[in-house]
Number of protein chains: 2
Amino acid sequence: MIRNVHVDIDHAPYSILIGEGLLQSVEPLIALLAQKRVAIVTNETIAPLYLAGLVAQLEAAGVECQSIILPDGEKYKTWDSLNLIFDALLTARAERKTTLVALGGGVIGDMTGFAAAVYQRGVPFIQIPTTLLAQVDSSVGGKTAINHPLGKNMLGAFYQPKLVLADLSTLSTLPQREFSAGMAEVIKYGLIDDLEFLVWLEENMDALMARDVDLIAYAVERCCQNKARIVAADEKETGQRALLNLGHTFGHAIEAGLGYGVWLHGEAVAAGMVLAAHASRALGHLQAADVDRVINLLQRAGLPVVSPALGGERYKALMAQDKKVDAGRIKFILLRQLGEAYIGELPEIAIDTALLAGCESSK
Amino acid sequence: MIRNVHVDIDHAPYSILIGEGLLQSVEPLIALLAQKRVAIVTNETIAPLYLAGLVAQLEAAGVECQSIILPDGEKYKTWDSLNLIFDALLTARAERKTTLVALGGGVIGDMTGFAAAVYQRGVPFIQIPTTLLAQVDSSVGGKTAINHPLGKNMLGAFYQPKLVLADLSTLSTLPQREFSAGMAEVIKYGLIDDLEFLVWLEENMDALMARDVDLIAYAVERCCQNKARIVAADEKETGQRALLNLGHTFGHAIEAGLGYGVWLHGEAVAAGMVLAAHASRALGHLQAADVDRVINLLQRAGLPVVSPALGGERYKALMAQDKKVDAGRIKFILLRQLGEAYIGELPEIAIDTALLAGCESSK
Ligand SMILES: NC(=O)c1ccc[n+]([C@@H]2O[C@H](COP(=O)([O-])OP(=O)(O)OC[C@H]3O[C@@H](n4cnc5c(N)ncnc54)[C@H](O)[C@@H]3O)[C@@H](O)[C@H]2O)c1
Ligand SMILES: NC(=O)c1ccc[n+]([C@@H]2O[C@H](COP(=O)([O-])OP(=O)(O)OC[C@H]3O[C@@H](n4cnc5c(N)ncnc54)[C@H](O)[C@@H]3O)[C@@H](O)[C@H]2O)c1
Ligand SMILES: [Zn+2]
Ligand SMILES: [Zn+2]
């Protein structure tokens with residue numbers, strides 16, 4: 001069964017196809033090519049697993065394929081890696097109608113999307129996400145980016161793919177730690193504005209973590225539906241789309257503070273959501289029992305719920321680098337209640353309280 | 001008298017203001033700021049001439065100013081320069097509503113626009129073009145780019161400014177060679193689709209080159225009107241906008257072949273337009289007298305009309321790197337007649353004929 005979520009963006013609507021074994025029959029991808037030519041960007045881990053099969057199918061259909069294999073890791077989500085893509089494309093004379101295909105997780109997807117956005121001022125682009133995180137979140141919505149030493153995802157573009165092909169079968173090779181990291185973003189959707197889904201996750205988390213494919217399929221579809229709706233309403237994040245950053249202001253500080261790659265993005269977001277919950281409690285919105293529900297669900301998903309002891313000043317300095325800063329004031333995503341997030345500011349005391357409650361040093 | 005040309009782009013219409021002394025009263029710029037904060041990007045040549053005056057005015061109006069001064073030259077239109085901008089912005093914690101202001105010629109405008117397009121996935125951006133070329137061409141229409149060793153303007157974005165402020169008084173300090181280079185793009189508009197303007201240029205070229213300000217004002221306005229119309233109809237260059245590249249496929253080959261900066265962009269475009277005219281004649285469209293008219297007008301504007309002897313194979317190899325290549329075929333901009341350009345292909349023999357007629361080796 002192939003599930004199809006439509007992303008209804010004005011200038012460039014597209015489909016997210018979700019199902020098992022989609023990489024075995026890539027006709028929908030071929031049908032969208034502006035030119036029978038693609039450049040597949042992937043990394044050293046994913047290439048041996050899925051690249052040959054994809055290339056064989058495309059070549060059988062007469063599509064010329066170039067493969068660009070990058071080193072694996074968040075720490076390579078940099079301009080240097082992007083430049084490896086550009087060098088390869090220019091050396092092979094990739095053209096304006098050549099499609100870039102991202103085969104991999106969020107790191108490959110974000111970089112390939114950015115490369116597609118700027119190569120010759122924009123070439124077509126298709127996402128084949130192979131991590132849970134990429135399938136439920138990063139491959140959808142057109143945010144692309146690379147990191148800068150002074151901030152995560154600081155350079156990038158809004159650039160929509162022509163298609164997202166989420167083959168659930170690729171998750172079979174995904175390490176459990178990465179699966180957990182993706183589950184952080186899944187839980188995020190429940191917390192933001194989908195209480196029904198949050199309850200469903202509480203009921204089904206053990207089976208999900210045991211990799212029940214039907215449940216995973218449902219979760220991926222539900223997340224994509226939620227994200228598609230939010231993105232269609234606010235593509236460039238002038239308003240409500242920012243809600244998708246729940247846990248991310250704290251989370252980015254954790255990632256940058258520890259050094260990219262020490263904690264996985266999803267792990268940092270998990271601990272960050274706990275901090276956001278503590279902060280929301282400090283504001284009087286959540287009850288202790290609500291915070292416990294958040295912590296409990298994240299723990300069952302194998303995620304960290306205690307943030308590293310970077311120190312309050314360092315957290316604040318790192319958060320002041322965030323993209324969601326306006327006239328020096330950091331915008332936080334907070335919870336009015338479980339299943340209802342909002343954009344607001346945090347008095348310093350609430351930040352301190354949250355850090356005290358949620359960081360390792362305080363235990 | 002301030003002339004106002006409206007660029008009617010769906011999602012982001014904006015004005016081009018043209019007049020003398022506009023840098024002395026930048027209220028229209030201040031009125032558009034999303035935040036009372038700007039980062040002005042300029043270079044070492046322009047900064048001593050115009051930066052302090054601009055900053056003084058902005059600061060008097062309570063606008064916080066950061067100045068970013070880059071080295072001067074086409075050879076610095078690279079990622080490294082872009083990164084100097086990002087480092088400065090991040091160090092100063094420039095935010096999503098901070099406006100980037102490009103104060104300079106096409107090199108500064110193209111780089112600043114690209115920086116604005118990707119910094120935090122897009123911040124507001126204003127153009128203050130200070131060369132004739134930038135006032136009539138590069139500051140209008142939203143093409144931004146940097147060069148790559150393997151090709152000019154290969155990395156970039158379509159990203160529209162919020163405002164273009166073309167102060168004609170700044171041209172008073174522009175070296176005559178640069179003024180000529182800008183005149184190449186002015187003549188280009190006449191050749192593409194404005195025969196009336198071409199005839200006007202033939203009548204007024206000597207006075208224009210003697211810097212008659214009223215004539216210059218009219219020429220800048222007319223060029224901007226032409227460009228605004230073409231860009232509004234085809235922002236992303238899927239069709240007719242490509243006509244604006246008349247002379248550029250050959251011209252980019254000249255620039256890259258000699259090494260960026262040896263010939264000015266406008267000079268290369270001038271010689272490239274002569275090659276395009278020769279090629280159009282080889283196809284039977286133009287008469288010898290038409291080609292002579294083109295050559296004559298460019299010469300009166302102080303521009304080179306004979307291309308360097310790079311050799312036919314090198315020209316073809318360089319042109320095959322162009323962005324206007326589809327399935328290996330180079331798209332040329334050719335002339336059906338003076339004042340009527342079209343997009344087409346060139347048989348190899350016509351390229352050879354044009355190079356033979358238009359290159360130094362053949363003289
Ligand atoms: N663009 C967005 O909207 C958005 C949203 C959320 C996260 N992100 C970004 O996504 C990135 C995180 O993505 P991620 O969690 O997918 O990390 P990732 O891309 O680093 O992938 C995680 C690891 O799993 C490996 N891998 C991928 N697929 C595999 C498979 N099928 N089998 C075995 N191994 C596999 C990868 O090689 C990597 O080692 C971060 O950079 C984050 O900023 C972007
Ligand atoms: N984006 C577009 O649509 C577009 C169109 C045409 C050209 N371009 C690009 O524009 C660039 C060429 O622009 P350019 O011709 O303005 O070159 P430029 O920016 O290098 O400026 C030319 C020289 O004049 C100096 N200068 C600028 N203003 C001055 C002033 N008022 N007084 C004294 N000196 C001054 C500059 O410092 C430089 O040395 C090329 O990189 C080309 O690719 C872009
Ligand atoms: Zn995330
Ligand atoms: Zn030009």
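**Ligand 1 and the zinc sites**

Me: Which side chain of chain A has an N or O atom 2.7 Å from an oxygen atom of ligand 1?

Reply: That is A:Asp72, with an N or O atom of its side chain 2.7 Å from an oxygen of ligand 1. A polar contact here is a pair of N or O atoms within 3.5 Å; within protein, one must be able to donate a hydrogen and the other to accept it, and residues adjacent in sequence count only if both atoms are side-chain atoms. Bear in mind that this is a predicted model: local features need pLDDT of at least 70, side-chain atom pairs count only at pLDDT 80 or more, and totals for chains, interfaces and linings use all residues. Residues are numbered from 1 along each chain as its sequence is written, chains are lettered from A and ligands numbered from 1 in the order written, and side-chain values use heavy atoms, leaving out hydrogens and water.

Me: And which side chain sits 2.7 Å from a nitrogen atom of ligand 1?

Reply: A:Thr130, through an N or O atom of its side chain. A:Lys152 also has a polar side-chain atom 2.8 Å from an oxygen atom of ligand 1.

Me: How much of ligand 1 does the protein bury?

Reply: The protein buries 91% of the 860 Å² that ligand 1 exposes when taken alone (Shrake-Rupley areas with a 1.4 Å probe; for residues, only the protein chains shown count as cover).

Me: Nice. Why does ligand 1 lie between domain 1 and domain 2 of chain A?

Reply: Because domain 1 (3-172) and domain 2 (176-362) both give residues to its shell; the bounds come from an automatic or database domain assignment.

Me: Switching to zinc, what are the protein donors of ligand 3?

Reply: A:Glu185 (OE), A:His248 (NE2) and A:His265 (NE2) lie 2.0 to 2.1 Å from the zinc ion. Donors are N, O and S atoms within 2.8 Å of the metal (3.2 Å for Na, K and Ca), and water is not among the atoms, so sites may look incomplete. A:Glu185 is in helix α6 and A:His265 in helix α10 (residues 265-282), so the pair ties together parts 80 residues apart in sequence (helices are DSSP runs of H or I, at least four residues, numbered from the N terminus).

Me: Is A:Glu185 buried or exposed?

Reply: Buried, at 1% relative accessibility, and A:His265 counts as buried at 18%. Buried means under 20% relative accessible area, exposed over 50%, partly exposed in between (1.4 Å probe, protein chains only).

Me: What spacing do the donors of ligand 4 follow?

Reply: E-x62-H-x16-H along the chain.

Definitions and conventions. Helix = DSSP H or I, 4+ residues; strand = E, 2+ residues; numbered from the N terminus.
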